[in-house]
Amino acid sequence: MIHISISLLILFLGSIVCYIYFSQGVMFSKTSIAPLVLDTPVSSETVRYDFKTPVVFTLNNKLKEISGLSYNKASNTIYTHNDEKGNIYEVDIDKGEIQNKFKFGPSRDYEGIAVVQDETVLVENRGDLHFYDNEKGTTVIMNTPLSTKQNVEGLCFDEDGALLLLACKGKILNKAKGESKKAIYAYDLSTKQLLQEPYLLIDIKELLSTLKLRVPEIKKEDFKKYKSRLKHFSPSGIALHPKSKDTYIISAKGSLLLVFNKNLEFTRLVFLDEKQIPQPEGICFDDQQSLYIATEGKTHRGKIYKYFFANNLY
């Protein structure tokens with residue numbers, strides 16, 4: 001009788017766990033990963049993060065194709081969306097659970113999100129900006145000179161400059177600036193105009209030069225793999241650090257993270273763990289400086305990785 005009771009208890013507890021996983025779609029765990037972090041000579045003031053032991057949130061199946069991330073200071077939550085549905089999801093920063101859902105527009109290819117005071121802005125891959133009024137529930141669409149040729153993949157809010165920063169993985173508007181470069185553009189919120197000159201140009205050749213300088217620290221058999229990943233750098237998300245104002249840019253191709261300081265000097269290159277983060281699509285910070293990176297699930301559920309700063313690590 002006791003044996004049967006224990007078996008029933010185990011089955012009962014197992015059912016609860018399955019219910020939580022499949023109905024709520026959330027798991028809370030810690031995972032150990034070993035990324036490669038490479039600093040440049042101007043990285044001394046760059047905030048350092050513990051990339052080895054993040055907290056991992058496995059998300060509801062509605063966010064299997066999670067895309068951009070943005071922190072909402074007013075509610076202390078993360079706003080996110082998936083690639084094609086016109087929905088904004090509000091996610092708890094401590095459990096990764098969906099708290100609310102807002103419908104802002106029709107199904108399109110949305111690639112980035114930014115909370116701007118009382119509005120939430122989403123960007124399409126063709127450059128159109130959707131300004132959703134969080135209180136009224138209405139949306140206004142603003143066009144930009146960008147198109148699918150530029151292929152916008154990331155969006156964030158620069159509060160100090162009153163700008164929206166748009167990360168593009170396609171061609172730059174001025175082709176003369178070189179095909180090996182990727183551009184970040186700025187949208188002026190006061191004039192409601194896109195600034196024609198790039199806010200930041202990322203030269204992939206410069207990134208490769210940085211990698212070559214660190215050859216003594218990298219195993220010979222691994223160098224070719226890192227080089228191949230870096231050659232395919234393609235921005236998929238962007239965020240500004242709340243304290244240092246450094247610019248963080250992720251790449252879904254190669255699972256990379258680049259950091260530029262407030263003077264837009266290249267300071268750090270991080271090769272994220274490809275097995276843990278196969279397709280990083282969204283990035284943001286909360287007001288405690290914690291770093292969040294979202295990855296699409298592909299054949300599994302989407303995830304958000306939460307990293308804590310630790311300047312004494314490296």
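1. The structure holds one cavity of 30 Å³ or more. On a 1 Å grid over the protein atoms alone, a cavity is a set of points where a 1.4 Å probe fits but cannot get out, whereas a pocket is an open set with protein on both sides within 12 Å along at least five of seven lines; a lining residue has an atom within 4 Å of a point. Grid points are joined across faces, edges and corners, and a volume is the space filled by probe spheres set on the points.

2. The model is predicted: local features need pLDDT of at least 70, side-chain atom pairs count only at pLDDT 80 or more, and totals for chains, interfaces and linings use all residues. Residues are numbered from 1 along each chain as its sequence is written, and side-chain values use heavy atoms, with hydrogens and water left out.

3. The largest cavity contains about 40 Å³ of space. Its lining consists of 13 residues, and G68, L69, L155, G237 and I238 lie nearest its centre. The elements β4, β8, β12, β17 and β21 each give two or more residues to this lining; helices (H or I, at least four residues) and strands (E, at least two) are DSSP runs, numbered from the N terminus. By class, four residues of the cavity lining are nonpolar, six polar and three charged. Here Ala, Val, Leu, Ile, Met, Phe, Trp, Tyr, Cys and Pro count as nonpolar, Asp, Glu, Lys and Arg as charged, and the others, Gly among them, as polar.

4. The largest pocket has a volume of about 770 Å³. Of the 31 residues that line the largest pocket, Y71, K73, V115, F157 and E159 lie nearest its centre. At least two lining residues come from each of β4 (66-72), β8 (110-116), β12 (152-158), β17 (235-240) and β21 (280-285). The lining of the largest pocket comprises 17 nonpolar, five polar and nine charged residues.

5. The second largest pocket holds about 250 Å³ of space. It is lined by 12 residues, with Y226, R229, L272, D273 and E274 the closest to its centre. Helix α3 (residues 220-231) gives the most to this lining, with four residues. The lining of the second largest pocket has six nonpolar and six charged residues, and no polar ones.

6. An open sheet of five strands runs in the order β2-β20-β19-β18-β17, with antiparallel pairing; two strands pair if DSSP finds at least two bridges between them. At its edges stand β2 (36-39) and β17, each of which pairs on one side only. The twist averages 15° from one strand to the next, where axes are lines fitted to C-alpha atoms, for helices over the stretch in contact, and angles run from 0 to 180 degrees between N-to-C directions. Four bridges join β2 to strand β20 (residues 266-271) in the antiparallel sense, and V37 has V270 in β20 as its bridge partner.

7. A further open sheet, of four strands, has the order β8-β9-β10-β11 and antiparallel pairing. Its edges are β8 and β11 (139-142); each has a single partner strand, so one side of each is left without a neighbour in the sheet. The twist in this sheet averages 20° from one strand to the next. Strand β10 (residues 129-133) pairs with β11 in the antiparallel sense over four bridges, and L129 stands opposite M142 in β11.

8. A search of the whole structure finds zero disulfides, a disulfide being a pair of cysteine sulfur atoms within 2.5 Å. C168 is buried, at a relative accessible area of 1%, and C284 also counts as buried, at 4%. Buried means under 20% relative accessible area, exposed over 50%, and partly exposed in between (1.4 Å probe, protein chains only).
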